[in-house]
Amino acid sequence: MTVLSGPAVRLSPPSPASPPPSPSPSRRGRALRLASAVVGAALLATGCNAAAKDEGADGKEGGGKEFTLVTPDPVAQNEFLKLAVSGVKAAAKKQGGSQKVFQSSDTNSRQQNVQSAVDSAPDVVVLVGFEFADLVAQQAEAHPKQQFLLVDACTKKAYKNVTCAVFREHEAVFLAGAEAGLLSESREVGAVDVLDTPQFRRYSEPFAAGAKKVRAGTSARTLFVGGQSPFNDAARAKDQAATLASGGADQVMAAAAGGNTGVFQAAKAKGFQAYGVDANQCLTAPGVVVDNVLKKTDVAVEKGVAQILAGKGGSTVSYGLKEGGMSLTGLEPGLGGSKCLIADHGDVLKRVKELRDDIVAGKLKVDDPAA
């Protein structure tokens, strides 16, 4: 796989389409914009960096289909974006083709990377994040033969060459909240969320609703990171989590993006239990994380590419529990080795599975704060 840190330093924000945008609490890190822009300009001038080569999925000079992924931020340890990379890699392998990844760091680098991706004319340009909605709309009009897959967002206007993949995060968050309600001894739960917006409240309000659904009398409170670096402020997230714990919360949803590490540190210090996002964060904070809200960007990318290649592009697909795009670590295979605390609570998982089945069957509707 070729990784171009093109003008290249994420939670998952909004998808303006239906369903509305999605905040994926572990995606964001902003840094060194000036240095990134300089590096990016050099990369754009050469078309690649010293280590980058076009390689097929088998590591050889590739033929077949070509796919280019553009990220809104550096991949680094961002689980949400790492899954997107896995998805485009899987798509290339399935097609016997090749893939490139352009990592961005700011508005300028995103614009430059999108233009570079379009100029290389791959079979599909894959973009992850609401930041690309306007850029994709402009490029789709200018290049009607180029196919685009926009994940976790959508353009305001429909285009025949733009396929969108959005998520119903609130469904899985509701299930995590149900776990919290069943496990809470204080009957008080909380959430540390990045920003106070309807889109990001998808990671806090359904958590409270799930807890109250299974445990009458449960109270809930949400605190927000905010500030200059809401997606990457572990210190602020830690303070907010500690405040929730001081108020009695013993189960806390960590929806603080890169700040989740701070929530987990507070959990260890204050003795409460936390819930992660995007990938299995139990592995990085063993002993304090109960479960994780899984947002399967890789599934959306791989299925979206296949949809486009089958000639069925130009539509919006919503991924929730039913489609397998959202889940919990506790509901997935391999729970025994996950290091998640929920593995020791079979009775809780039984109840959560019943709730999941009701949601999938349409018997239980979870309110969407972003609707």
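**Notebook: disulfides, a loop threonine, a strand and a helix**

I began with the cysteines: cysteine 282 and cysteine 340 form a disulfide, with their sulfur atoms 2.0 Å apart (a disulfide being a pair of cysteine sulfur atoms within 2.5 Å). This pair links distant parts of the chain, as cysteine 282 is in the loop between β10 (273–278) and β11 (289–295) and cysteine 340 in the loop between β13 and α10, 58 residues apart. For these names, helices (H or I, at least four residues) and strands (E, at least two) are DSSP runs, numbered from the N terminus. The torsion about this S-S bond is about 100°, so the disulfide is right-handed.

A note on the source: this is a predicted model, where local features need pLDDT of at least 70 and side-chain atom pairs count only at pLDDT 80 or more, while totals for chains, interfaces and linings use all residues. Residues are numbered from 1 along each chain as its sequence is written, and side-chain values use heavy atoms, with hydrogens and water left out.

How many disulfides does the structure hold? I found two. In the other link, the sulfur atoms of cysteine 154 and cysteine 164 are 2.1 Å apart. Cysteine 154 lies in the loop between β5 and β6 and cysteine 164 in strand β6, so the pair ties together parts ten residues apart in sequence. Cysteine 164 counts as buried at 1% relative accessibility (buried means under 20% relative accessible area, exposed over 50%, partly exposed in between, with a 1.4 Å probe and protein chains only).

Next I looked up threonine 155, which sits in the loop between β5 (147–151) and β6 (162–167). At 7% relative accessibility, threonine 155 counts as buried. Leaving aside residues up to four places away in sequence, threonine 155 touches Ala133, Val136, Ala137, Leu150, Val162 and Cys164 (contact means heavy atoms within 4.5 Å).

Then I turned to strand β3 (residues 98–103): six of its six residues are buried, so β3 is largely enclosed by the rest of the structure. Ser98, Lys100 and Phe102 point one way, and Gln99, Val101 and Gln103 the other.

Last, I checked helix α10 (residues 346–361). Which of its residues are buried? They are Val348, Leu349, Val352, Leu355 and Ile359. They cover an arc of only 120° around the axis, which puts them on the same side of α10 (the arc is that of the directions from the helix axis to the C-beta atoms). Their cover includes α5 (169–183), α6 (205–214) and β13 (326–328). Turned away from that buried side, I found the exposed residues Asp347, Lys350 and Ala361.
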